[in-house]
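Please read this report with the sequence and the structure side by side.

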Amino acid sequence: GANYGWTQAPPAYSTLGNTIQNSRELTLNTQFNFVSLYNKIPLLRRINQGTKKAKAGGPAADDKGSAATEKNKKEKQAFGTGFLRALMMVRNANVNYTLRDGIVLPGFVHQIDYFGQNFAHSVPGIPFILGSQNEDIRYNLAQMGALTNDVRVNNFYSQNHIKTIQGSATLEPMKDFRIQMNFNLSRSNTLQTLFRYDTTGEYKNIAGQWRDLSLRETGNFTMTGIFIQTANDKASAKNNWESTNYQNFENFRFVVSQRQANEDGRVALKGIDKTNGGKYYYGYGAKAQNTLIPAFFAAYTGTNQSKVSLSPFRSLPLPNWNINYNGLSKIKALGKIFTNITLQHRYSGTYNIGGYTSNLYYNPNDTARGGKDLVSQYNINNVNIREQFSPLIGIDVTTKSGITGGFKINRSRNVS
């Protein structure tokens with residue numbers, strides 16, 4: 001869907017211009033009911049419904065050979081049923097993808113006709129009214145004379161972008177054993193700038209006197225992931241509290257520095273920067289942000305440092321899970337005492353960038369120099385990996401007399 005708005009300036013400040021804004025939302029929802037698909041095959045439908053074909057008669061009670069044959073046949077049938085049931089373990093799944101964007105542009109000088117368009121000047125344009133997110137819209141309208149030249153304008157142009165990916169699936173390898181999986185990825189960023197006509201200083205005599213003042217981009221990023229490979233880091237007093245994960249983090253920095261330098265066109269010398277006794281590649285020292293973050297992610301996820309993505313923003317979320325099994329009460333001996341026995345295990349892992357801001361000193365045309373790290377595009381305040389087993393293992397029981405009880409073992413880890 002799309003929205004468009006035009007807000008008139010106060011009469012006392014009409015020279016500052018009106019404000020136009022738009023937004024759009026693109027959503028893709030997919031749902032898959034695999035049980036309905038399985039049930040189109042009669043044999044699989046009977047397995048899902050727990051029904052059996054009626055049989056005419058059975059073996060005689062005194063016919064041991066027939067009884068043994070029948071028993072063997074039933075065992076084979078049970079195996080076949082269990083095998084087919086396992087093949088149908090994926091019961092349902094869904095994936096949701098959402099994009100939300102919006103632009104707010106102050107200083108629009110024209111009144112509007114019907115449909116939000118000024119037809120005499122053909123502004124702001126039908127695409128903008130229908131939700132177009134053209135990043136150059138402010139420059140285009142300025143060149144068309146649709147924005148005020150009043151230098152007192154102090155309202156910010158802003159552009160918002162939110163991307164969300166969510167998904168879940170239910171798996172049942174066998175009856176009473178359920179695995180619920182889910183994943184998500186979310187990234188939001190906002191670009192703000194004081195875009196106005198400027199006549200001061202060196203810009204007074206150059207063509208195109210519109211400037212972005214205080215251009216700034218901010219955002220957040222979060223994603224589910226699996227970090228279980230490094231969960232059992234045995235740092236203790238016995239080994240002087242030395243962490244294998246942290247040692248890997250320190251060691252991985254060299255390979256990441258090498259890869260960053262080799263892939264960055266701003267690094268002319270593809271070698272070790274030995275300035276002041278340095279041991280890392282030009283532009284990407286031991287404490288450079290773009291060296292630290294990929295090395296950190298590789299060390300605490302168990303990823304090979306030669307293959308880990310060099311971007312702090314990951315593109316593929318991995319699932320978390322919640323496992324429940326409540327079939328123990330169907331065992332005859334336990335069923336005499338308990339009406340319900342549920343075994344539980346739950347895992348959740350999250351990779352989070354707490355906040356990032358565009359770097360005012362970032363220059364894509366800069367050149368790496370000895371003893372100095374290249375400035376990253378974003379200043380990232382904090383990178384965090386949080387992992388929870390809640391529970392690692394747990395059990396809940398209910399007796400036939402109505403007494404309930406249980407216990408849970410929980411574990412968690414938070415590194416940043």
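The sections below describe a predicted model, one topic at a time.

## Packing of helix 6 and helix 7

Two packed helices are described by the angle between their axes and the distance between the axes. For helix 6, which covers residues 244-263, and helix 7, which covers residues 289-301, the angle is about 130 degrees and the axes are 7 Å apart. An angle of this value makes helix 6 oblique to helix 7, and the crossing of helix 6 past helix 7 is right-handed.

On the side of helix 6, the contact is formed by N245, Y246, N248, F249, F252, R253, V256, S257 and Q260. The residues of helix 7 that they meet are N290, T291, L292, P294, A295, F296, A298, A299 and Y300. Sorted by class, the residues of this contact between helix 6 and helix 7 comprise eleven nonpolar, six polar and one charged.

## N290 and its contacts

When residues up to four places away in sequence are left out of the count, N290 touches V256, Q260, Y284 and S376.

## The cavity and its lining

Rolling a probe the size of a water molecule over the atoms shows where empty space is left. In this model the count comes to one cavity of 30 Å³ or more, and the largest cavity holds about 60 Å³ of space.

Which residues line the largest cavity? The lining is made up of L105, P106, G107, L147, T148, D150, V153, F195, R196 and W210. Strand 3 (90-108) and strand 5 (177-197) each contribute at least two residues to the lining of the largest cavity, and strand 3 gives the largest share, three residues. By class, six residues of the lining are nonpolar, two are polar and two are charged.

## Cis peptide bonds

The bond from V123 to P124 is cis, with omega near 0 degrees, and P124 sits in the loop between strand 3 and helix 4 (126-129). The bond from S390 to P391 is likewise cis, here with omega near 10 degrees, but P391 lies within strand 12, which spans residues 383-399.

## Positive phi values

What is the phi value of F115, a residue other than glycine? Phi of F115 is positive, near 65 degrees, and the residue belongs to the loop between strand 3 and helix 4, the loop that also holds P124.

D176, which is a residue other than glycine as well, has a positive phi near 75 degrees. The place of D176 is in the loop that runs between strand 4 (157-174) and strand 5, and strand 5 is one of the strands that supply residues to the lining of the largest cavity.

Notes
Residues numbered from 1 in each chain as written. Predicted model: local features only at pLDDT ≥ 70, side-chain atom pairs only at ≥ 80, totals over all residues. Heavy atoms only, no water. Axes fitted to C-alpha atoms, helices over the stretch in contact; angles between N-to-C directions. Helix = DSSP H or I, 4+ residues; strand = E, 2+ residues; numbered from the N terminus. Parallel < 35°, antiparallel > 145°, perpendicular 65-115°, else oblique. Left-handed = near helix turned anticlockwise from the far one by under 90°. Contact = heavy atoms within 4.5 Å. Nonpolar A, V, L, I, M, F, W, Y, C, P; charged D, E, K, R; others polar. 1 Å grid on protein atoms, 1.4 Å probe; cavity = no way out; pocket = protein on both sides within 12 Å on 5 of 7 lines; lining within 4 Å. Points joined across faces, edges and corners; volume = space filled by probe spheres on them.
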